[in-house]
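Please look over the model shown here together with the briefing that follows. The points are grouped by topic.

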Amino acid sequence: MDEIFRVGETVLLHKASGLRVEYITSESYFGDEYRYRLKDIFIITKEGEKLQVRETDFNHKIFTTPKKRISFSEVSLKIIS
């Protein structure tokens, strides 16, 4: 969180699939309101490639990306700091 502008970025990891959701949080000047904006939904493959996700099929454990369809087993679950 940036102390001056009260803006922060957070990435949440869905541990069962590897799906990652990145959002921006901003706090009002008085600290009484928070605003959350979705920035990106993506996966990182085991080879380290970051791909945006267009669709997820949790029943068949498949992600649809702009490049190809990827199985959950091909996705990295490592936490990147």
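V53 lies in the loop between β4 (50–52) and β5, where strands are DSSP runs of E with at least two residues, helices are runs of H or I with at least four, and both are numbered from the N terminus. At 14% relative accessibility, V53 counts as buried, a class that covers values under 20% relative accessible area, with exposed meaning over 50% and partly exposed in between, for a 1.4 Å probe and protein chains only. The C-alpha atoms of V53 and R69 are separated by 9.5 Å, although these residues are 16 residues apart along the chain.

This is a predicted model, in which local features need pLDDT of at least 70 and side-chain atom pairs count only at pLDDT 80 or more, whereas totals for chains, interfaces and linings use all residues. Residues are numbered from 1 along each chain as its sequence is written, and side-chain values use heavy atoms, with hydrogens and water left out.

**Chain as a whole**
- The chain has zero helices and seven strands, so that its elements, read from the N terminus on, run β-β-β-β-β-β-β.
- The radius of gyration, taken over C-alpha atoms, is 15 Å, well over the 12 Å that the globule rule gives for 81 residues, so the chain is more spread out than a compact globule; the rule itself is 2.2 Å times the number of residues to the power 0.38.
- Along its principal axes, the C-alpha trace spans about 45 × 20 × 20 Å.
- Of the 81 residues of the chain, 30% count as buried.

**Aromatic contacts**
- Rings of Phe, Tyr and Trp (its six-membered ring) pair if their centres lie within 6.5 Å, and planes under 30 degrees apart count as stacked, over 60 as edge-to-face and the rest as tilted; by this rule the count comes to three aromatic pairs.
- F58 lies in the loop between β5 (55–57) and β6 (62–64) and F72 in the segment after β7 (69–71), so their pair ties together parts that are 14 residues apart in sequence.
- F58 is partly exposed at a relative accessible area of 45%, whereas F72, at 12% relative accessibility, counts as buried.
- F58, F63 and F72 form one aromatic cluster.

**Loop between β5 and β6**
- K61 lies in this loop, and its phi is near 55 degrees, a positive value in a residue other than glycine.
- F58, also placed in the loop between β5 and β6, is 40 residues from G18 in sequence and 12 Å from G18 in space, C-alpha to C-alpha.

- The largest pocket has a volume of about 150 Å³, where a volume is the space filled by probe spheres set on grid points that are joined across faces, edges and corners.
- A pocket is an open set of points on a 1 Å grid over the protein atoms alone, where a 1.4 Å probe fits, with protein on both sides within 12 Å along at least five of seven lines, and lining residues have an atom within 4 Å of a point.
- The lining of the largest pocket consists of V11, L12, L13, R20, F42, I44, I79 and I80, and the elements that give two or more residues to this lining are β1 (7–13) and β3 (34–44).
- The largest share of the lining, three residues, comes from β1.
- K50 lies over the face of F42, at 4.3 Å from the ring centre, under a rule that asks for NZ of Lys or CZ of Arg within 6 Å of the ring centre and within 35 degrees of the ring normal.
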